[in-house]
Amino acid sequence: MADTASLSLTELVEKKAHRKLTKRQILQRGLLITLGAVLMSVGLEIFLVPNNVIDGGITGISIMLSYLTGLKLGIFIFVLNLPFFFIGYKQIGKTFAISTLYGIFILSISTALLHPVPAFTQDILLATIFGGIILGVGVGIVIRYGGSLDGTEILAILANKKVPFSVGEIIMFFNLFILGSAGFVFSWDRAMYSILAYFAAYKTMDIVIAGLDESKSIWIISDEYEEIGEAILNRLGRGVTYLTGEGAYSRDNKKVIFCVINRLEEAKLKDIVTNFDPSAFLAVGDIAEVRGGRFKKKDIH
């Protein structure tokens, strides 16, 4: 009987874990992945590629191969990323793989359609910065909504299991090698501009994925926890949670205040804590996203 109940619970968990997306969610994801892929193609074909500036990853390799062979960029982007579709299917899942394949398909078509369009600017610095930013926005949107436009990340995840380096370190190594190769294909100043474009794209992508409304997690340990908690509620309009902790050395029981605020409220919160207990322990951390719970800001008067 217990085995049957356990099996039913397992099936229920698996069913919820593999719950299908609604039609509205599929449509939203499709539209946003389309938007992200088109933006990336604009960054490439209207800004970077005409000025012989490349991006990192498989896209960078595709740009150099397109330059050397004279074939369309979209062909190399699709063909070189195709193996990673199958790898992503096995390693991450069906939804990710389909989203990735769709995004790469749109990117390939968009680059082909935009190829005849003249460059927006011949100023190499402007093309590098704005091309990198637009590309970063596009990639960030696609990643945020469950897809990918470059197989380098998947390759890094696989390599991570066999080499003593983190995924981030492997991606950095790949990209330094690819961006450095631009010096041999184009020129060394173009290689340096490519690194600048990659940095602009990376930082923009990070902002898009994490969101502009940056939140902070706050942890406070103080004997004046009730006064501090009430002040945060009344003066910031933020909900607080009291947690129970125990000092490892003293073995004293302590109350820990946890709350989430935005970056503009950080200074005011520090003032509140200092006013009630200058010696209180205060830890502040960055949060990429907050959902659910009672963290929504209340009106204050």
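Reader: What makes up the lining of the largest pocket, by class?

Author: In this predicted model, the lining of the largest pocket has 20 nonpolar, nine polar and three charged residues. Tyr counts as nonpolar and Glu as charged. Glu-153, Ile-171, Tyr-198, Tyr-202 and Met-205 are the closest to the pocket centre among the 32 lining residues. The volume of the pocket is about 790 Å³.

Reader: Which helices supply at least two residues of that lining, and which gives the most?

Author: Helix H3 (57–69), H6, helix H7 (152–160), helix H8 (167–185) and helix H9 (188–210) each supply at least two. H9 gives the most, with seven residues.

Reader: Why are H2 and H6 called roughly antiparallel?

Author: The axes of H2 (residues 23–48) and H6 (residues 124–144) cross at roughly 165°. Angles over 145 degrees count as roughly antiparallel, and H2 and H6 are therefore roughly antiparallel to each other. Their axes come within 7 Å, and the crossing is left-handed.

Reader: Which residues of H2 and H6 make the contact?

Author: On the H2 side they include Leu-32, Gly-36, Met-40, Gly-43 and Phe-47. On the H6 side, Ala-127, Gly-131, Ile-134, Gly-138 and Ile-141 are among them.

Reader: How do H10 and H11 pack, and what is the hand of their crossing?

Author: Helix H10 (residues 225–236) and helix H11 (residues 266–276) pack at about 145°, with their axes 10 Å apart. Their crossing is right-handed.

Reader: Which residues of H10 and H11 meet, and how do they divide by class?

Author: Glu-227, Ile-228, Ala-231, Ile-232, Arg-235 and Leu-236 of H10 meet Lys-268, Leu-269, Ile-272, Val-273, Asn-275 and Phe-276 of H11. They divide into eight nonpolar, one polar and three charged. Glu, Lys and Arg count as charged, and the contact has Glu-227, Arg-235 and Lys-268.

Reader: How do you know that Leu-114 touches Ser-41, and how far apart are the two in sequence and in space?

Author: Contact means heavy atoms within 4.5 Å, and Leu-114 touches Ser-41, Val-42, Glu-45 and Ile-46, not counting residues up to four places away in sequence. The C-alpha atoms of Leu-114 and Ser-41 are 7.6 Å apart, and the two residues lie 73 residues apart in sequence. Leu-114 belongs to helix H5 (residues 94–114).

Key: Residues are numbered from 1 along each chain as its sequence is written. This is a predicted model: local features need pLDDT of at least 70, side-chain atom pairs count only at pLDDT 80 or more; totals for chains, interfaces and linings use all residues. Side-chain values use heavy atoms; hydrogens and water are left out. Axes are lines fitted to C-alpha atoms, for helices over the stretch in contact, and angles run from 0 to 180 degrees between N-to-C directions. Helices (H or I, at least four residues) and strands (E, at least two) are DSSP runs, numbered from the N terminus. Angles under 35 degrees count as roughly parallel, over 145 as roughly antiparallel, 65 to 115 as roughly perpendicular and the rest as oblique. A crossing is left-handed if the near helix is turned anticlockwise from the far one by less than a right angle, and right-handed if clockwise. On a 1 Å grid over the protein atoms alone, a cavity is a set of points where a 1.4 Å probe fits but cannot get out, and a pocket is an open set with protein on both sides within 12 Å along at least five of seven lines; lining residues have an atom within 4 Å of a point. Grid points are joined across faces, edges and corners, and a volume is the space filled by probe spheres set on the points.
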